[in-house]
Amino acid sequence: MRWSGIVHHDNAYFPRKKLTVVGSGNVGATAAFLAAYKELGDIVLLDVVEGVPQGKALDMYEASPILGYNANVIGTQDYADTANSDLVIITAGIARKPGMSRDDLLAINVKIVAEVTANIVEHSPQCIIIVVTNPLDAMVYTAKQVSGFSRKRIMGMAGVLDSSRMRTFIAQKLDVSISDVSALVLGGHGDTMVPLPRYSTVGGIPLPDMLSQEEIDEISQRTAQGGAEIVQLLKTGSAFYAPGAAVVEMAEAILKDKNRILPCAAWLEGEYGINNYFMGVPCKLGGGGMEGVIELDLNKAEKAAMQLSLKSVKALKEQVDALGGFGQ
Ligand code: A3D
């Protein structure tokens, strides 16, 4: 048997997309695995801990014959391996421990995210970045400042996860398929996030027609505390399956130019009366990245909730600015 003219992985004509995931911990590894499984492209997993991204990447590669996906997955400590990535997901940092708020993480993670962003931009100046590291609103702001990217190319993951949690609780309550439940959670990614029952539906039927106000309040409350609920159960870390799936949904929308409408932490330039802050809002995600923001006609109570959430986002931004120089 002889092969003729076959070059190993010659992808000059139809190159696969390249996706880098920084941080090969719980969220990063989950996201990398799901992205490989969905064949979003070749994947580079980077972490400061030697051996861990290499080991996890090899493990994922070895799962591919069983699961049937074609994706090269490599692990590394070297940013040179991430060169020319189309999309980069930043999960590097430390996760919340019980009793620790997202804000406690701020000072440590600003430094990490600033350093990671600088390295990413140096090697992939054209990439699109999705930040996952908490406190999300502060970290995505840090990454924007360090990268200097336009808002199309830098965004945070929060709303997809928070909305998914709300969808789960609605489906559970009504004993209906999650396929028929859509939900929308806006605002910052913290206790002041803004679940929007009026924009949530079950089989197209508005949620307020399906549940009492009391039941809706209960679901909104559980959604806002969704991260803490998992931390309390796990004790040694925070959620990662749903966060990993959420960021991959965003990555897929971009890498496959799907023009999805998903809630993301986007840099607002006047929308919702907010200027120069990241806030969770419905966005169009496609090949160009964050291609636009949808402005909803919020009622008085919803507007007030957004303003309250903005207050905590503002406080986080001030904390980051006060650190000065982004820890570099
Ligand atoms: P964890 O499992 O601890 O993984 C973090 C990884 O980052 C570890 O493997 C570290 O070695 C690595 N790391 C640390 N510093 C660096 C660095 N300078 N360069 C490269 N890698 C580094 O945490 P996790 O995966 O559970 O969570 C990761 C982050 O995501 C945390 O900040 C979480 O709070 C956050 N998170 C956010 C959401 C949102 O919805 C926004 C959800 C879940 C987790």
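Student: How many cavities of 30 Å³ or more does a search of the whole structure find?

Tutor: The search turns up 2 of them. A cavity here is a set of points, on a 1 Å grid over the protein atoms alone, where a 1.4 Å probe fits but cannot get out, and lining residues have an atom within 4 Å of a point. Volume is the space filled by probe spheres set on the points, with points joined across faces, edges and corners. One heads-up: this is a predicted model, where local features need pLDDT of at least 70 and side-chain atom pairs count only at pLDDT 80 or more, while totals for chains, interfaces and linings use all residues. Residues are numbered from 1 along each chain as its sequence is written, and side-chain values use heavy atoms, with hydrogens and water left out.

Student: Okay, how much space lies in the largest cavity, and which residues lie nearest its centre?

Tutor: The largest cavity holds about 50 Å³. Its lining has 14 residues, with Ala158, Gly159, Gly187, Gly188 and Gly280 nearest the centre. Helix H4 (136–147), helix H5, strand S8 (185–186) and strand S12 (260–269) each give two or more residues to that lining.

Student: And what lines the second largest cavity?

Tutor: Asp137, Tyr141, Tyr277, Phe278, Val313 and Lys317 line the second largest cavity, which has about 30 Å³ of space. Two or more of these residues come from each of H4, strand S13 (275–286) and helix H9 (300–323). By class that lining is 4 nonpolar, no polar and 2 charged.

Student: Switching to pockets: what's the volume of the largest pocket?

Tutor: The largest pocket comes to about 690 Å³. A pocket is an open set of points with protein on both sides within 12 Å along at least five of seven lines. The largest pocket has 37 lining residues, and Val27, Thr91, Gly93, Ile94 and Ala95 are nearest its centre. Helix H1 (26–37), helix H3 (106–123), helix H5 (159–174) and helix H7 (226–234) each supply two or more lining residues.

Student: Where does the largest pocket lie relative to domain 1 and domain 2?

Tutor: Between them, because domain 1 (18–156) and domain 2 (159–321) both give residues to the lining. In that lining, 17 residues are nonpolar, 14 polar and 6 charged.

Student: Which side chain has an N or O atom 2.6 Å from an oxygen atom of the ligand?

Tutor: That's Asp47. A side-chain N or O atom of His189 sits 3.1 Å from a ligand oxygen, and for Ile94 a backbone N or O atom is 3.1 Å from one. Taken alone, the ligand exposes 860 Å², and the protein buries 88% of that.

Student: Last topic, the backbone. Which residues does a cis peptide bond join?

Tutor: Asn134 and Pro135, with omega about -5 degrees. Pro135 is in the loop between strand S5 (128–131) and H4.

Student: And what's the phi of Asp257?

Tutor: Asp257 has a positive phi of about 50 degrees, although it is not a glycine. You'll find Asp257 in the loop between helix H8 (241–255) and S12.

How values were computed:
Helix = DSSP H or I, 4+ residues; strand = E, 2+ residues; numbered from the N terminus. Nonpolar A, V, L, I, M, F, W, Y, C, P; charged D, E, K, R; others polar. Domains from an automatic or database assignment. Polar contact = N/O pair within 3.5 Å; in protein donor to acceptor, adjacent residues only side chain to side chain. Areas by Shrake-Rupley, 256 points an atom, 1.4 Å probe, with all protein chains shown as cover.
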